[in-house]
There are 2 protein chains.
Amino acid sequence: MSPLRAKILSVATDLFQTRGINSTGVDTIVAVAGTTKMTLYKYFHSKEDLILEVLQQGHQDFQSWLQQKFETNTKKPAEKLQKLFDFIEEWVTSPDFRGMAFLKASAEFPNEENPVHRLSAEQSRQFRQFLASLATEAGIQDTEGLALQLSLLIEGAMQAEQMKRGSGAVKYAKKAAKVLIDNALKS
Amino acid sequence: MSPLRAKILSVATDLFQTRGINSTGVDTIVAVAGTTKMTLYKYFHSKEDLILEVLQQGHQDFQSWLQQKFETNTKKPAEKLQKLFDFIEEWVTSPDFRGMAFLKASAEFPNEENPVHRLSAEQSRQFRQFLASLATEAGIQDTEGLALQLSLLIEGAMQAEQMKRGSGAVKYAKKAAKVLIDNALKS
DNA sequence: CAATAAATATACAAATCTGTATATTTTTAA
DNA sequence: TTAAAAATATACAGATTTGTATATTTATTG
């Protein structure tokens with residue numbers, strides 16, 4: 001990928017997170033990226049396209065980061081679900097965390113027909129599916145159910161932490177997860 | 001309150017929920033409300049003021065609705081925490097639910113210094129405090145902890161339901177809450 | 001009816017928004 | 001060095017944004 005294109009993507013990612021998507025104009029993006037609108041519109045057909053790519057990139061980064069964490073840290077299926085919350089805590093409490101992108105995007109584009117909203121919902125679904133696969137590995141019966149419950153805890157904690165940095169929400173989400181996982185294993 | 005002012009508030013509430021706050025101009029609001037900008041700016045000093053009032057009104061309506069539900073349905077402290085999730089489900093699955101206002105507002109105004117963000121965070125805190133008071137009534141030890149955990153479930157479920165109507169997230173949140181409450185009562 | 005208040009119609013300022021047209025400069029590659 | 005590609009500078013169109021100024025019309029009240 002062209003370094004200029006990558007720069008635009010990274011600047012847009014940052015500005016969207018800190019100022020909001022609708023509140024960030026393309027003029028601001030190119031100014032911060034040190035380029036011009038002509039270049040931006042050469043690499044992205046529209047602002048909506050840029051938003052969609054920012055979302056996709058962000059989700060992929062998150063997924064890859066998680067994947068790598070699991071590969072280098074945890075091998076036992078039973079531990080994975082617990083470990084996940086440690087990773088999430090590390091992600092959420094990192095200094096430049098400013099909320100989960102797809103959660104915020106769906107709020108800025110509430111219409112379910114909107115492409116940005118659709119992609120956000122799809123990413124949320126994918127994450128839940130990933131949770132379900134972990135639950136399956138751990139030998140859980142109602143994988144879909146537990147996956148949804150854990151996703152509520154995680155997304156809720158991300159929301160809480162975005163609203164107030166240092167809220168410590170993930171700490172409690174972790175405890176709740178332990179109770180729910182243990183309970184699901186017993187049934 | 002002037003009926004015209006009330007009309008503007010109600011129209012703004014609806015448009016903010018369905019189209020987003022930043023995507024809704026005052027021109028659209030007055031057009032739908034059947035009035036003019038002059039009137040709007042007579043009752044509200046600025047768009048930000050209108051946003052803040054919409055949030056305040058919405059939160060008050062939600063709180064009052066909950067309060068009344070508890071008064072007419074539930075007297076026993078031990079039952080209240082469980083019942084709460086029935087009420088939340090009723091609220092969330094009502095046909096015109098379009099997400100929790102303060103959650104979406106904080107996403108559209110990510111800056112923690114922003115007045116809209118501050119109010120949203122305050123409302124979230126108040127709701128958590130209400131949960132804590134219910135937990136105290138029920139004889140829970142770690143009231144703050146359980147309140148935070150339940151708030152994650154509820155706000156997570158609201159987020160999920162806003163993202164995809166009919167997701168059934170509250171159903172699972174309710175089950176998870178039961179497990180967490182039982183566990184908290186045992187300790 | 002007359003005086004006061006409320007609401008409207010209309011127009012506009014000034015800024016901002018997305019997206020494009022045109023021409024020039026810089027970089028890359030043959 | 002020369003031709004092709006990439007990036008920039010600049011300007012602008014057209015729409016939309018919040019907020020205000022001015023004048024007119026409608027409602028209310030004494």
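**Entry 1: the surface around DNA strand C**

I call a residue near a strand if one of its heavy atoms lies within 4 Å of it. This is a predicted model, so I took local features only at pLDDT of at least 70 and side-chain atom pairs only at pLDDT 80 or more, while totals for chains, interfaces and linings use all residues.

I looked up what surrounds DNA strand C and found 17 residues. The closest are A:Asp27, A:Lys37, A:Lys47, B:Thr35 and B:Tyr43. I then sorted the surface by class: 6 residues are nonpolar, 7 polar and 4 charged. (Nonpolar covers Ala, Val, Leu, Ile, Met, Phe, Trp, Tyr, Cys and Pro; charged covers Asp, Glu, Lys and Arg; the others, Gly among them, are polar.)

Which helix gives the most to this surface? H3(B) does, with 4 residues. Helix H2 (26–33) and helix H3 (37–43) of chain A and helix H3 (37–43) of chain B each supply at least two residues. (Helices are DSSP runs of H or I with at least four residues, numbered from the N terminus.)

**Entry 2: contacts with the phosphates**

I checked the DNA side next.

- B:Thr35 has a side-chain N or O atom 2.4 Å away.
- A:Lys47 has a backbone N or O atom 2.9 Å away.
- B:Thr39 has a side-chain N or O atom 3.1 Å away.

**Entry 3: salt bridges**

I counted 22 salt bridges over all chains. (A salt bridge is a side-chain nitrogen of Lys or Arg within 4 Å of a carboxyl oxygen of Asp or Glu.)

A:Asp27 pairs with A:Lys37, the closest N and O atoms being 3.4 Å apart. A:Asp27 lies in helix H2 of chain A and A:Lys37 in helix H3 of chain A, so the pair ties together parts that are 10 residues apart in sequence. A:Asp27 is partly exposed at 46% relative accessible area, and A:Lys37 is partly exposed at 37%. (Buried means under 20%, exposed over 50%, partly exposed in between, with a 1.4 Å probe and protein chains only.)

A:Lys174 pairs with A:Asp86 at 2.9 Å. A:Lys174 sits in helix H9 (residues 169–186) of chain A and A:Asp86 in helix H5 (residues 77–92) of chain A, so this pair ties together parts that are 88 residues apart in sequence.

Is B:Glu161 buried or exposed? B:Glu161 is buried, at 3%, while B:Arg165 is partly exposed, at 30%.

**Entry 4: where chain A meets chain B**

Here 41 residues of chain A are in contact (heavy atoms within 4.5 Å) with 41 residues of chain B. The chains bury about 3,200 Å² between them, 64% of it on carbon and sulfur atoms. (Buried area is the accessible area, with a 1.4 Å probe, that two parts lose on being put together, summed over both.) A:Leu152, A:Met163 and A:Tyr172 supply 21% of the area that chain A buries against chain B, more than any other three residues.

How many salt bridges cross this interface? I found 0.

Definitions and conventions:
Residues numbered from 1 in each chain as written. Chains lettered and ligands numbered in written order. Heavy atoms only, no water. Polar contact = N/O pair within 3.5 Å; in protein donor to acceptor, adjacent residues only side chain to side chain.
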